[in-house]
Amino acid sequence: MNVFVRAAGRVSAAAVRSGLLINASRAWSTSLDFQPIPDPPLNPLFETAQSALEKSCYLNINWKISEDATVSEAVKRMAAHDIGALAVTEAGSDVVSGIISERDYLNKVAFLKRDPKTTKVSEACTSGRANLVTVTKGNPIDRCMEKMLARDIRHLFVRRKEDDEIVGLLSIKDIVKCVHMKDLASEAKLESIFTTQQIANNPY
């Protein structure tokens, strides 16, 4: 009788331990199911085309328009989103082949008294990949500014280095904001270094 009781006790204890192990395993598995820690904010001293793109006024809107659309449609889109240009895509494709801006509308449509409702985007835009000014995502923000100033433009395409695909559009406002943030960060860094040196030289 005692043998059976002891055996039953051992089985019961083993079952309890097994259950605890299973529950612990489940708890451990659940504890591993966490949300990844977000990356820390980028140091403004290291602003790039990619970081500017992440804060761009074009980030959360459809910044492309087909070359088959009318200039009137393009102008309405620009006015609705308070932007100055749209990327132009080939008909029936998502491939960027040009850009249409406020300047294009004024110089090639309004000035010539053409009807924007019947004039196609392809007739007014700056087209051809060779005519598009681009930077790669990793380009420093200062380099982006240099390119815009050198070409006297207000919009800059961002491309992926691996396949040369255009993945975004930046405005001069986006660039200026990032350059300003970088300048402020540089000033703060210099002040911090100066203060640290003063404390080291005059500990009392």
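Visitor: Which residues line the second largest pocket?

Guide: On a 1 Å grid over the protein atoms alone, a pocket is an open set of points where a 1.4 Å probe fits, with protein on both sides within 12 Å along at least five of seven lines, and lining residues have an atom within 4 Å of a point. Here the lining consists of Cys 57, Tyr 58, Asp 82, Ile 83, Gly 84, Glu 102, Arg 154, His 155, Ser 171, Ile 172 and Lys 173. This is a predicted model, in which local features need pLDDT of at least 70 and side-chain atom pairs count only at pLDDT 80 or more, while totals for chains, interfaces and linings use all residues. Residues are numbered from 1 along each chain as its sequence is written, and side-chain values use heavy atoms, with hydrogens and water left out.

Visitor: What is the volume of the second largest pocket, and how do its lining residues divide?

Guide: A volume is the space filled by probe spheres set on the grid points, which are joined across faces, edges and corners. For the second largest pocket it is about 170 Å³. Ala, Val, Leu, Ile, Met, Phe, Trp, Tyr, Cys and Pro count as nonpolar, Asp, Glu, Lys and Arg as charged, and the others, Gly among them, as polar. The lining of the second largest pocket has four nonpolar, three polar and four charged residues.

Visitor: Which residues lie nearest the centre of the largest pocket?

Guide: They are Ile 99, Ser 101, Thr 126, Ile 153 and Arg 154, out of 16 lining residues. The elements that give two or more residues to this lining are β3, α4 and β6 (155-159), and α4 gives the most, with three. Helices (H or I, at least four residues) and strands (E, at least two) are DSSP runs, numbered from the N terminus. About 330 Å³ of space lies in the largest pocket, and its lining divides into six nonpolar, four polar and six charged residues.

Visitor: What is the strand order in the open sheet of four strands?

Guide: Two strands pair if DSSP finds at least two bridges between them. The order is β1-β2-β3-β4, with mixed pairing. Because β1 and β4 (126-127) are the edge strands, each with a single partner, one side of each has no neighbour in the sheet. β1 and β2 pair in the parallel sense over three bridges, with Ile 65 facing Val 88 of β2 as its bridge partner. β2 and β3 run antiparallel and are joined by five bridges; Ala 87 stands opposite Ile 99 in β3.

Visitor: Which residues of β2 are on each side?

Guide: In a regular strand the side chains alternate between the two faces of the sheet. In β2, Ala 85, Ala 87 and Thr 89 are on one side and Leu 86 and Val 88 on the other, all of them buried (under 20% relative accessible area with a 1.4 Å probe, protein chains only; exposed is over 50%, partly exposed in between).

Visitor: Which residues of helix α3 are buried?

Guide: In α3 (residues 71-81) they are Val 71, Ser 72, Ala 74 and Met 78. They sit on the same side of α3 because they cover an arc of only 160 degrees around the axis, taken from the directions from the helix axis to the C-beta atoms. Lys 76 and Ala 80 are exposed on the face turned away from the buried side. The cover over the buried residues includes β1 (64-66), β2 (85-89), β3 (96-101), α4 (102-110) and α5 (121-124). After α3 comes Asp 82, with a positive phi near 55 degrees.

Key:
Contact means heavy atoms within 4.5 Å.
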